[in-house]
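Visitor: I'm new here. Could you walk me through a few features, one at a time?

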Amino acid sequence: MINIKGWVRTKRGSKNVSFISLNDGSTINNIQIVAENNISEDTLKLINTGSSISVKGKLVNSKGSGQTVEVIAESIDVLGLADPDEYPLQPKKHSLEFLREKAHLRFRTNTFGAVFRIRHAMTYAIHEFFNNKGFLNIHTPIITGSDCEGAGEMFAISTLDKINPPLTEQGVIDYSKDFFGKETNLTVSGQLEAEMAALALGKVYTFGPTFRAENSNTSRHLAEFWMIEPEVAFADLNENMNLAQEMLQYLCSYALNNCMDDIQFLDKRLHEEEKHKKKEERQEMGLIDKLKFVVENDFERITYTEAYEILRNSKPNKKKKFQYPIEQWGADFQSEHERYLVEKKFKKPVIISDYPKDIKAFYMRLNDDGRTVSAMDVLVPGIGEIIGGSQREERLDILDSRIQSQRIINELSWYRDFRKYGTVPHAGFGLGFERLISYITG
């Protein structure tokens with residue numbers, strides 16, 4: 001005798017026997033419950049798609065097709081009803097647009113069940129990867145007074161009266177009266193604090209929430225997402241690229257080895273969706289192929305200047321097929337350029353390094369040429385950039401010259417301190433967790 005509890009996906013049958021497809025959320029695979037004449041008709045009438053039930057019965061080899069085992073029910077208790085006229089998730093495929101309107105229920109669907117099981121597996125794999133390599137996990141502030149990226153696109157945190165805030169003599173908001181006595185925001189990155197930890201503990205990583213107030217309504221920009229940010233003391237740009245490649249290959253390999261049922265379902269779903277797209281919009285690789293693409297290829301490494309020359313002389317650029325033409329050195333590459341390099345030119349993941357300093361952040365190490373920095377981006381098919389990082393500027397005089405205003409220098413006095421007290425070369429990168437999940441789940 002076994003006891004199974006879960007939610008009903010479907011019910012079908014005849015007068016003498018009913019077949020109930022049950023799922024408890026632990027796997028994408030349902031188990032078939034066979035309800036014969038010993039289960040009352042009144043009980044069976046209460047069982048509809050979405051209802052929760054508890055089944056006691058015997059696990060046996062299935063005589064029918066579609067499953068290897070099934071449960072012959074000896075008793076069924078209905079734990080929670082689902083009105084068939086109101087329950088919105090009927091046993092059919094629902095569009096992602098529809099599910100956005102029913103976000104509180106989408107965990108019940110095969111698609112989001114698969115996504116969140118994979119998300120859990122990737123969370124575990126990330127911690128396992130860094131733990132096995134001797135990294136320490138640290139938690140960095142969520143509320144902060146510093147802007148790591150320098151773009152100013154941050155969500156403000158304040159306890160001041162929204163209608164009548166205190167004002168200075170100059171008529172501006174007096175943040176000295178605020179909770180922290182200064183302007184504070186939700187963090188855009190834990191990197192700066194992680195650097196401080198790495199310069200004492202050697203190898204650290206963060207895995208926490210970050211927030212961006214960039215008003216860009218694309219699938220690549222989120223207001224809230226989680227970031228994995230390793231920082232390594234005594235590491236240069238090459239070691240940073242090695243770590244990024246090793247981590248990405250480890251995660252994709254882990255997904256293939258531990259999440260195959262869910263990945264196969266999502267791969268099939270993606271294939272069906274691609275059929276309805278225009279030929280030029282279709283992805284060339286399936287989901288499983290995309291994961292193997294990362295695992296089985298050594299990443300191509302090129303400099304920004306090499307990438308610029310390739311793109312400038314490419315057919316799409318010459319024929320003006322790019323939405324953003326590549327004309328001058330110093331242009332910031334867009335997703336279409338990154339995907340061209342990965343999917344058309346090299347047919348393998350690509351790491352671009354040594355970007356123009358003017359399009360990168362102040363903390364990236366200035367190269368000897370004076371016009372590029374030791375930055376790197378990891379590119380994969382379908383998405384483009386998935387990891388961004390750099391060797392950090394460890395020289396105080398050059399760091400100060402890269403910081404644009406005196407105000408920022410004062411704000412980052414603690415960040416500058418480590419350049420005065422035993423500075424060392426160090427490097428790190430950021431992996432947006434949601435972008436990783438998007439890549440692995442399609």
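Guide: Let's begin with a term: buried means under 20% relative accessible area, exposed over 50%, and partly exposed in between (1.4 Å probe, protein chains only). This is a predicted model, where local features need pLDDT of at least 70, side-chain atom pairs count only at pLDDT 80 or more, and totals for chains, interfaces and linings use all residues. Residues are numbered from 1 along each chain as its sequence is written, and side-chain values use heavy atoms, with hydrogens and water left out.

Visitor: Is lysine 347 buried or exposed?

Guide: Lysine 347 is exposed, because its relative accessible area is 51%. Look for lysine 347 in the loop between helix H10 (335-346) and strand E13 (350-356); helices (H or I, at least four residues) and strands (E, at least two) are DSSP runs, numbered from the N terminus.

Visitor: What is the phi of lysine 347?

Guide: Most residues other than glycine have a negative phi. Lysine 347, though not a glycine, has a positive phi of about 55 degrees. Phenylalanine 234 also isn't glycine, and its phi is positive, near 65 degrees.

Visitor: Where does phenylalanine 234 lie?

Guide: In the loop between strand E11 (224-233) and H5. Phenylalanine 234 is exposed, since its relative accessible area is 61%.

Visitor: How many residues does helix H5 have?

Guide: Helix H5 (residues 237-258) has 22 residues. The expected span of a helix is 1.5 Å times one less than its number of residues. From first C-alpha to last, H5 reaches 31 Å, close to the 32 Å expected.
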